[in-house]
Amino acid sequence: MERGVLYGVAAQSQSPIIIDPFDTSFLNYSLAVIAPAGSGKSYFTKLLALRHLVAGTEFLVIDPEDEYRPVAEAVGGTIVRLAASSPHRLNPLDLVAPDSGSDGAYADPLAQSIAVVLGRLELLLCAGADPAALQVSLTSTNVRCLTRRS
Ligand SMILES: Nc1ncnc2c1ncn2[C@@H]1O[C@H](COP(=O)(O)OP(=O)(O)OP(=O)(O)O)[C@@H](O)[C@H]1O
Ligand SMILES: [Mg+2]
């Protein structure tokens, strides 16, 4: 294995253990960290994340206990909070919280979601193409159907 990151030191030989989890000689990229409670599993995993980041590997963490926030903040990572009250969303068809307009009245959340989805679809479909040459026919009726089915 020519590449890899430091995973630890062998207990007996004291030689460094350097592993590239994406090496093609492995059957898959999975890794399980198993050890007694309080023995350093989280510490090891965070250290591994930092070492992999330095090596150029993206690290995504599902973190229900919010314990990786300081690590993510230290490396300029993006923290996505998934909750009904959160402004962040993974599903582009999720309803957005309505903004109050200049007159203080709240806009229709469905209409706002449709506008957001339409904008994203136009952006995706026109990426790399000449917008003038590409005919994109998106109507709010199409998106209303998508929104209802999700
Ligand atoms: N190599 C290390 N050097 C210094 N401190 C460490 C090391 N490994 C773990 N610790 C410290 O030991 C404590 C327990 O570590 P950690 O939380 O990583 O254990 P854990 O196995 O994830 O625990 P749990 O089973 O509760 O999730 C923490 O305070 C951590 O900072
Ligand atoms: Mg832990």
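Tutor: A residue is buried if 20 or more other C-beta atoms lie within 10 Å of its own, exposed if 12 or fewer, and partly exposed in between, with C-beta atoms placed from the backbone. This is a predicted model, in which local features need pLDDT of at least 70 and side-chain atom pairs count only at pLDDT 80 or more, while totals for chains, interfaces and linings use all residues. Residues are numbered from 1 along each chain as its sequence is written, whereas chains are lettered from A and ligands numbered from 1 in the order in which they are written.

Student: Is Asp66 buried or exposed?
Tutor: Asp66 sits in the loop between α1 (41–54) and α2. Its phi is positive, about 60°, although Asp66 is not a glycine. Because Asp66 has 9 C-beta neighbours inside 10 Å, it counts as exposed.

Student: In which order do the elements of the chain run from the N terminus on?
Tutor: Helices (H or I, at least four residues) and strands (E, at least two) are DSSP runs, numbered from the N terminus. The chain holds 4 helices and 2 strands. From the N terminus on, the order is β-β-α-α-α-α.

Student: How many bridges join strand β1 to strand β2?
Tutor: Strands pair if DSSP finds at least two bridges between them. Leu6 stands opposite Ile18 in β2, and Gly8 stands opposite Ile17 in β2. β1 (residues 5–9) and β2 (residues 16–19) run antiparallel, and the number of bridges joining them is 4.

Student: Which residue in the turn of the β1 and β2 hairpin has a positive phi?
Tutor: The hairpin has 6 residues between its strands. Most residues other than glycine have a negative phi, and most peptide bonds are trans.

Student: How many other C-beta atoms lie within 10 Å of Gln14?
Tutor: Gln14 is placed in the loop between β1 and β2. Gln14 is exposed because the number of other C-beta atoms within 10 Å is 7.

Student: How far apart are the end C-alpha atoms of α1?
Tutor: The expected span of a helix is 1.5 Å times one less than its number of residues. With 14 residues, α1 should therefore span 20 Å. The model agrees, as the end C-alpha atoms are apart by 20 Å.

Student: Which residue just after α1 takes a positive phi?
Tutor: The phi in question is about 95°. The residue that takes this phi, just after α1, is Gly56.

Student: How far apart in space are Pro64 and Leu82, C-alpha to C-alpha?
Tutor: Pro64 lies in the loop between α1 and α2. Pro64 counts as exposed because it has 6 C-beta neighbours inside 10 Å. Pro64 and Leu82 are 18 residues apart in sequence, and their C-alpha separation in space is 9.6 Å.

Student: How far apart in space are Arg69 and Ile79, C-alpha to C-alpha?
Tutor: Arg69 belongs to helix α2 (residues 69–74). Arg69 is partly exposed, because 14 other C-beta atoms lie within 10 Å. Arg69 and Ile79 are 10 residues apart in sequence, and from C-alpha to C-alpha they are apart by 7.3 Å.

Student: Is Val80 buried or exposed?
Tutor: Val80 lies in the loop between α2 and α3 (109–126). Val80 and Leu90 are 10 residues apart in sequence and 8.7 Å apart in space, C-alpha to C-alpha. Because Val80 has 12 other C-beta atoms within 10 Å, it is exposed.

Student: How many residues of the shell around ligand 1 are charged?
Tutor: The residues around ligand 1 are Ala35, Ala37, Gly38, Ser39, Gly40, Lys41, Ser42 and Tyr43; a residue is near a molecule or strand if its C-beta atom, placed from the backbone, lies within 6 Å of it. Ala, Val, Leu, Ile, Met, Phe, Trp, Tyr, Cys and Pro count as nonpolar, Asp, Glu, Lys and Arg as charged, and the others, Gly among them, as polar. The shell divides into 3 nonpolar and 4 polar residues, and the number of charged ones is 1.

Student: Which helix has the lowest mean pLDDT among the elements of the chain?
Tutor: pLDDT is the predictor's confidence in each residue, from 0 to 100. The chain has a mean pLDDT of 80, and 73% of its residues reach 70 or more. The highest mean among the elements, 95, belongs to α2, and the lowest, 55, to α4.
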